[in-house]
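Hi,

Here is the structure I promised to send over. Have a look, and my notes follow below.

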Amino acid sequence: MPFKSVEPLHDQACINGLNAYWSKRRIRFDYQPNHSNDAPAHTLPICALHGGMLESGVGRHSAAIYFGRYCAGEIVSQDKFTRTDTFLVMPNLPRSGSEMIATLAAGEQAEVLAKFKHQIPVSYNALNKLVLNECNDQLSGLFALAAIILGLSKSSQDNVQYLNDALIAKSLQNADNKGHRVDFSLDMVDSQRTIDWAKMVGSLMSFCLVVDEVDYDKLAFGIMDSLADYIANWIERMDETTGIKAVTLAGSDFANEVLADRICLRVGKNFPIVVNRKLELDGSNLSAGALFLKMRRR
């Protein structure tokens, strides 16, 4: 539906076939399925930030957490001069489990990998058959990897969506909202902050070796709660340099009710969580946000 807005920088912007345009002081939408995207994929988290903040009116001193299907997951911010910056990008995982195993075996996680292979061979073999394809730089890819390690795969044909659903279902079985602390330490890759996925996997494998399988629900819950806690700490770090007045959530991965709930609880202790209720989390928010993108069009 059309909604009132301040005047944007562009008259129209089309993302994934959904076109947003400025008319009569409102942002309106129509479908143009054959129209190419007016913003490159790496700018979509910034578009999500702009779109998410439209209803609240917060522009400067804002941050967005984008975990979705259209581009790499990122945490981005905007300062008092409306300059945008990327604090974190999701790790670029190897596209196959066999490549992941080779990377782990050649690094600091070699010992725990060997123990995991010996004690939990079923999960190790499932990991060896994992294929992530295009979602290797998204949160859903990381969660699919976690689900495999927890032994939630039922077939070599399980896709990423099934593995994510299995991880969510397992975490929902945890009744006391307490879980194990999984490591999501930061790493610098190509001058960008990202999650050290190998260390995270090593941490998760270590828990699997000592935790009884009946308590894997606490481990599944701990994956999401730990990530939410790390994100809360990262937002506080961003606040020290940028000054954060509000945080918006965007992306299809926030259909994960456990993750959404834990992030709202952890981050929401110190920062208002806002969304634009007139827009989708991973669709019209990107098109509307692209209207405010500071980028010259060809």
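Let me start with isoleucine 235: leaving out residues up to four places away in sequence, isoleucine 235 touches Ala63, Ile75, Ile244, Val247, Val267 and Phe271 (contact means heavy atoms within 4.5 Å). Before going further, a word on the numbers: this is a predicted model, where local features need pLDDT of at least 70 and side-chain atom pairs count only at pLDDT 80 or more, while totals for chains, interfaces and linings use all residues. Residues are numbered from 1 along each chain as its sequence is written, and side-chain values use heavy atoms, with hydrogens and water left out.

Ile235 also turns up in the largest nonpolar core, which has 73 residues; Leu150, Leu167, Ile231 and Ile235 have the most contacts inside it. By nonpolar core I mean a set of buried Ala, Val, Leu, Ile, Met, Phe, Trp, Tyr and Cys residues joined through side-chain atoms within 4.5 Å. Buried is under 20% relative accessible area, exposed over 50%, and partly exposed in between (1.4 Å probe, protein chains only). Helix α8 gives the most to this core, with 14 residues; helices (H or I, at least four residues) are DSSP runs, numbered from the N terminus. Another core, of 27 residues, lies apart from it, and includes Phe3, Trp22, Ala48 and Val274.

How do α6 and α8 cross? The axes of α6 (residues 160-172) and α8 (residues 216-241) come within 7 Å and cross at roughly 110 degrees; axes are lines fitted to C-alpha atoms over the stretch in contact, with angles from 0 to 180 degrees between N-to-C directions. The two helices are therefore roughly perpendicular (65 to 115 degrees). On the α6 side, Leu167, Ile168, Lys170 and Ser171 meet α8 residues including Tyr216, Asp217 and Phe221.

Two more residues to look up:

- Isoleucine 263 sits in helix α9 (residues 257-267) and counts as buried, at 0% relative accessibility. Residues up to four places away aside, its contacts include Ile65, Ile231 and Phe254.
- Valine 122 is in helix α4 (residues 121-128) and counts as exposed because its relative accessibility is 68%. Valine 122 and valine 89 are 33 residues apart in sequence and 31 Å apart in space, C-alpha to C-alpha.

Cheers

Key:
Parallel < 35°, antiparallel > 145°, perpendicular 65-115°, else oblique.
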